[in-house]
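Me: I have a chain open and want to go through it with you. Can we start with the charged pairs?
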Amino acid sequence: DAPEEADHLHSILTEMVVNEYLRESQDLSIMLAESFSKSLAQVGKLHTGVGQANFYVLNGAFMPSVLVEMGFISNPSEEKVLCSDEFRDQLVEAIYGAVMDFKAKYGRGL
């Protein structure tokens, strides 16, 4: 019985950790959306909001995690914006600002 109980306890603890990271990930997503809205004029055309999905690239990430999708190169007008050095510089600054806001809130020695 002891190994089975240990597995059950481990599952519960893992679920608690994942839920905490999910809340932090949601908060980071909101911070990113706010930063994009303030910093990027072109984002109005590209930004479709904050959501949740089970993306393969984020599975198994036992830390706050987000996926930033800023447009589609298959769309000629979005491709033009995405190829702009100015837009990419603004995008980097917006992401950096959100990450720094997140660090200030959750830093705990980061």
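Me: How far apart are Arg-88 and Asp-85 in helix α4?
Reply: They are three residues apart, so about one helical turn separates them. Helices here are DSSP runs of H or I, at least four residues, numbered from the N terminus. This is a predicted model: local features need pLDDT of at least 70, side-chain atom pairs count only at pLDDT 80 or more, and totals for chains, interfaces and linings use all residues. Residues are numbered from 1 along each chain as its sequence is written, and side-chain values use heavy atoms, leaving out hydrogens and water.

Me: What do the side chains of Arg-88 and Asp-85 form?
Reply: A salt bridge, 2.5 Å from N to O. The term means a side-chain nitrogen of Lys or Arg within 4 Å of a carboxyl oxygen of Asp or Glu.

Me: Why do such side chains pair?
Reply: Side chains of opposite charge can pair when their charged atoms come close.

Me: How many salt bridges does the structure hold?
Reply: Two. Lys-105 also forms one with Asp-27, with the closest N and O atoms 2.8 Å apart. Lys-105 lies in helix α4 and Asp-27 in helix α1, so this pair ties together parts 78 residues apart in sequence.

Me: And those two, buried or exposed?
Reply: Lys-105 counts as exposed, at 52% relative accessibility. Asp-27 counts as buried, at 17%.

Me: New topic. Where is Glu-24?
Reply: In helix α1, which covers residues 2–39. Glu-24 counts as buried because its relative accessibility is 2%.

Me: What is Glu-24 in contact with?
Reply: Leaving aside neighbours within four places in sequence, Glu-24 contacts Pro-64, Phe-102, Tyr-106 and Arg-108. Contact means heavy atoms within 4.5 Å.

Me: How many aromatic pairs are there?
Reply: A search of the whole structure finds one. Phe-102 and Tyr-106 form that pair, and it is tilted, with 4.7 Å centre to centre and 35° between the planes. Rings of Phe, Tyr and Trp (its six-membered ring) pair if their centres lie within 6.5 Å; planes under 30 degrees apart are stacked, over 60 edge-to-face, and the rest tilted. Both residues are buried. They sit four residues apart in helix α4 (residues 85–106), about one turn of the helix.

Me: Which residues touch the most other members of the largest nonpolar core?
Reply: Leu-32, Phe-36, Leu-40, Met-70, Phe-87, Leu-91 and Phe-102, out of 14 residues in that core. The elements giving two or more residues to this core are α1, α3 (76–82) and α4. Helix α4 gives the largest share, six residues. A nonpolar core is a set of buried Ala, Val, Leu, Ile, Met, Phe, Trp, Tyr and Cys residues joined through side-chain atoms within 4.5 Å.

Me: What does Leu-32 contact?
Reply: Leaving aside neighbours within four places in sequence, Leu-32 contacts Val-66, Val-68, Ile-95 and Ala-98.

Me: Last one. How many helices and strands are in the chain?
Reply: Four helices and zero strands. Strands would be DSSP runs of E, at least two residues. Buried residues make up 23% of the 110 residues.

Note on methods:
Buried < 20%, exposed > 50% of the residue type's maximum accessible area, 1.4 Å probe, protein only.
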